[in-house]
Amino acid sequence: MANSIDPAKKDAKSKELFSDVVGRNTLTKLLIHDTTGKTAVMMGRDPSSHVDFGEEVKNAANEL
């Protein structure tokens, strides 16, 4: 999806798609790097347990 979006385009549909991609990427990064337990709760786990996605996934999230 991100590959098909040109942020330089100013039409309403392009702006909407760009905003959607940015929002999804931001949420993904927040969930992967979460240390508050909120991601664990969303996964039906104990909020005191740490969800570790591993370095490869964390590094990929940083690329977003």
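The protein exposes about 5000 Å², and carbon and sulfur atoms supply 55% of that area; accessible areas here come from the Shrake-Rupley method with a 1.4 Å probe, and for residues only the protein chains shown count as cover. This is a predicted model, in which local features need pLDDT of at least 70 and side-chain atom pairs count only at pLDDT 80 or more, while totals for chains, interfaces and linings use all residues. Residues are numbered from 1 along each chain as its sequence is written, and side-chain values use heavy atoms, with hydrogens and water left out. Let's start with the overall picture and then visit a few residues.

**Overall shape**

- The secondary structure comes to three helices and zero strands, where helices (H or I, at least four residues) and strands (E, at least two) are DSSP runs numbered from the N terminus.
- Reading from the N terminus on, the elements run α-α-α.
- The radius of gyration of the protein is 15 Å, whereas a compact globule of 64 residues would have one near 11 Å. This radius is taken over C-alpha atoms, and the globule rule is 2.2 Å times the number of residues to the power 0.38.
- Along the principal axes, the C-alpha atoms fill a box of roughly 45 × 20 × 15 Å.
- Of the 64 residues, 17% count as buried; buried means under 20% relative accessible area, exposed means over 50%, and partly exposed lies in between (1.4 Å probe, protein chains only).
- Among contacts with a separation of 6 or more, residues 24 or more positions apart account for 26%, a contact being heavy atoms within 4.5 Å.

- T39 sits in helix α2, which covers residues 38-42.
- With a relative accessible area of 5%, T39 is buried.
- A polar atom of the T39 side chain lies 2.9 Å from the backbone oxygen of L31.
- Not counting residues up to four places away in sequence, T39 touches L31, D34, V51 and F53.
- D34 belongs to the loop between α1 and α2, and its side chain reaches the backbone nitrogen of T39 at 3.0 Å.
- The side chains of D34 and T36 are joined by a polar contact of 2.5 Å. A polar contact is a pair of N or O atoms within 3.5 Å; within protein, one must be able to donate a hydrogen and the other to accept it, and residues adjacent in sequence count only if both atoms are side-chain atoms.
- Leaving aside neighbours within four places in sequence, D34 is in contact with T39 and H50.
- D34 is buried yet has no salt bridge, and the nearest side chain of opposite charge, K38, is 6.4 Å away. For charge, Lys and Arg count as positive and Asp and Glu as negative, while His and the chain ends are not counted.

**Salt bridges**

- Side chains of opposite charge can pair when their charged atoms come close.
- A salt bridge is a side-chain nitrogen of Lys or Arg within 4 Å of a carboxyl oxygen of Asp or Glu, and by this rule the count comes to two.
- One of them links R24 and D20, whose closest N and O atoms are 2.9 Å apart.
- Both R24 and D20 lie in helix α1 (residues 12-32), four residues apart, which is about one turn of the helix.
- R24 is exposed, at a relative accessible area of 52%, while D20 is partly exposed at 29%.
- K58 and D52 also meet through their side chains in a salt bridge, at 3.5 Å from N to O.
- In this pair K58 is buried, with a relative accessible area of 17%, whereas D52 counts as exposed at 52%.

- F53 is found in the loop between α2 and α3 (54-63), and it is partly exposed with a relative accessible area of 31%.
- Not counting residues up to four places away in sequence, F53 touches L31, I32, T39 and M43.
- The C-alpha atoms of F53 and A8, 45 residues apart along the chain, are separated by 33 Å.
- L64 lies in the segment after α3.
- Leaving aside neighbours within four places in sequence, L64 is in contact with N25 and T28.
- D20 and I5, 15 residues apart along the chain, have C-alpha atoms separated by 10 Å.
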